[in-house]
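Dear colleague,

I am handing over the structure below, and after it I set out what was found. Please read the notes with the coordinates open beside you.

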Amino acid sequence: MALLIKGGRVIDPGRINGPADVLIENGKIAAVGPNLKLARNGDPGLQILDATGKLVVPGFVDLHVHLREPGFEYKETILTGTAAAVAGGFTSVCCMPNTNPVNDNQSITEFILDQARAAGNARVFPIGAITKGSEGKELAEIGDLRRAGCVAISDDGRPVMNSLVMRRAMEYALAFDLPVIDHCEDLHLSEGGCMNEGFVSTQLGLPGIPSAAEDVMVARNLALAELTGARLHLAHVSTAGSVRMVREAKARGLRVTAEACPHHFTLTEEAVRGFNTHAKMNPPLRTWQDVHAIKEGLRDGTIDVIATDHAPHAAQDKQREFADAPFGIVGLETALPLTLALVEEGILPLEGAIAKLTTEPARVFSLAQGSLAPGADADLAIVDPERSWEVDPARFRSKSRNTPFAGWKVKGRVTATLVSGRIVYELPEDGR
Ligand SMILES: [Zn+2]
């Protein structure tokens, strides 16, 4: 079983950026190079995929996805969530534990991995809970979670408010060399808030969430990472203050990494006008100064990774009054064009943008994915960087449609996605 991807521009960040062919054998990358001349070229067992005019890149790795199963299958399942992933070019997704029950024990982790195998789309790397039931009180069985296949721990959806519990979690995680992810939000400061606190929230008469709700928890977590030496990963950074503190902590040598979401570098709180619940997310959309700081953070490497925080919600849940609607948007199928917009804007070079979706997230969670090195799993995305399209939520593979980008004209589309050398997604003929 061999497959040759011919004629594309291969971008394997830090390794190759130029015209090259990719040879896949038995689900692994066998060779990458210009004009691969193969004895097997005439072999009838060799399948050829023409990638002329396309980018051939490692499959994207998303460190922050909510697959909703078990417990909320009406919003998303592992099957539909991973179908959305591969449609967006993601071949690996790390799923947050805030399911029902919470992924705080081995049997839930095993269930998730079984469902992912049965779905046969993207690879799924579960994230275990930090505390039992994500209640913030008693540590989960972190060693068991790691043995069952969890690649990091987090109580995402909620912060770990008790600083001593967080310290102990970091000490345990250090023993297993697991990254600890915190959703940085001081729940006392954010209580009752449904959007960014500022001029727009005042005009709309909506209760706000101040930037400080995020900043104080980032500061605390950095102090605890310094105390314990743990690997700290900050989810969905949304404020200029967070970016500044992470930059300074990195300069001092702390083991801290950070991610930003496409919506946080694309939209501001202005999107909430009209009480659009598709612009309701947590952390909330902030000001243009925050958006600018996040772009600077992406440019200078303070922010390592672009992650989606894909958070599906059923239509009836989002069709409530703004204050009552749940937080979150789907993100897997729109991340690529929103990331490529940073290239058009001159914030990142193309290779740098691809790195934020591939090599960087793989490095942050120590995953063996995200590269086209010979011997690696043949997980790839083929991208038409010039293809313009309109975001139509009705066409999403995700079970949910909650996006603020409906009707947006965007550029850059995944035309095929391969996992272990197998084509798991192809853009339909009609291009939709
Ligand atoms: Zn979160």
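How much space lies in the largest pocket? About 460 Å³ lies there, where a pocket is an open set of points on a 1 Å grid over the protein atoms alone, at which a 1.4 Å probe fits, with protein on both sides within 12 Å along at least five of seven lines, and where the volume is the space filled by probe spheres set on those points, joined across faces, edges and corners.

Before going further, please note that this is a predicted model, in which local features need pLDDT of at least 70 and side-chain atom pairs count only at pLDDT 80 or more, while totals for chains, interfaces and linings use all residues. Residues are numbered from 1 along each chain as its sequence is written, and side-chain values use heavy atoms, with hydrogens and water left out.

The pocket lining consists of 27 residues, and R68, N98, G157, H313 and F327 are the ones nearest the centre; a lining residue has an atom within 4 Å of a point. By class the lining comprises 9 nonpolar, 12 polar and 6 charged residues, with Ala, Val, Leu, Ile, Met, Phe, Trp, Tyr, Cys and Pro counted as nonpolar, Asp, Glu, Lys and Arg as charged, and the others, Gly among them, as polar. F327 also has a charge placed over its ring, since the charged end of K280 sits 4.7 Å from the ring centre, and K280 lies over the face of F322 as well, at 5.6 Å from that ring centre; the criterion is NZ of Lys or CZ of Arg within 6 Å of the ring centre and within 35 degrees of the ring normal.

The zinc ion has as its protein donors D156 (OD), H183 (ND1) and H236 (NE2), which lie 2.0 to 2.2 Å from it, and their spacing along the chain is D-x26-H-x52-H. Donors here are N, O and S atoms within 2.8 Å of the metal (3.2 Å for Na, K and Ca), and water is not among the atoms, so the site may look incomplete. D156, in the loop between β9 (153-154) and α4 (163-175), and H236, in the loop between β13 (232-234) and α8 (240-251), are 80 residues apart, and the pair thus links distant parts of the chain. Helices (H or I, at least four residues) and strands (E, at least two) are DSSP runs, numbered from the N terminus. Both D156 and H236 are buried, buried being under 20% relative accessible area, exposed over 50% and partly exposed in between, with a 1.4 Å probe and protein chains only.

There are 2 aromatic pairs in the structure, a pair being rings of Phe, Tyr or Trp (its six-membered ring) with centres within 6.5 Å, counted as stacked if the planes are under 30 degrees apart, edge-to-face if over 60 and tilted otherwise. F60 and F90 are both buried. F405 and W408 also form an edge-to-face pair, with 4.8 Å between centres and 85° between planes; F405 is buried, at 2% relative accessible area, whereas W408 is partly exposed, at 31%.

Helix α12 (residues 335-344) is largely enclosed by the rest of the structure, because 7 of its 10 residues are buried, among them A335, P337 and L342, and the helix is followed by G346, whose phi is positive, near 85°. Helix α13 (residues 350-357) is mostly covered, with 6 of its 8 residues buried, including L350, I354 and K356.

D309 has a positive phi near 55° although it is not a glycine, and it is buried at 9% relative accessibility. S366, likewise not a glycine, has phi near 55° and lies in the loop between α14 (359-364) and β16 (380-390).

With best wishes
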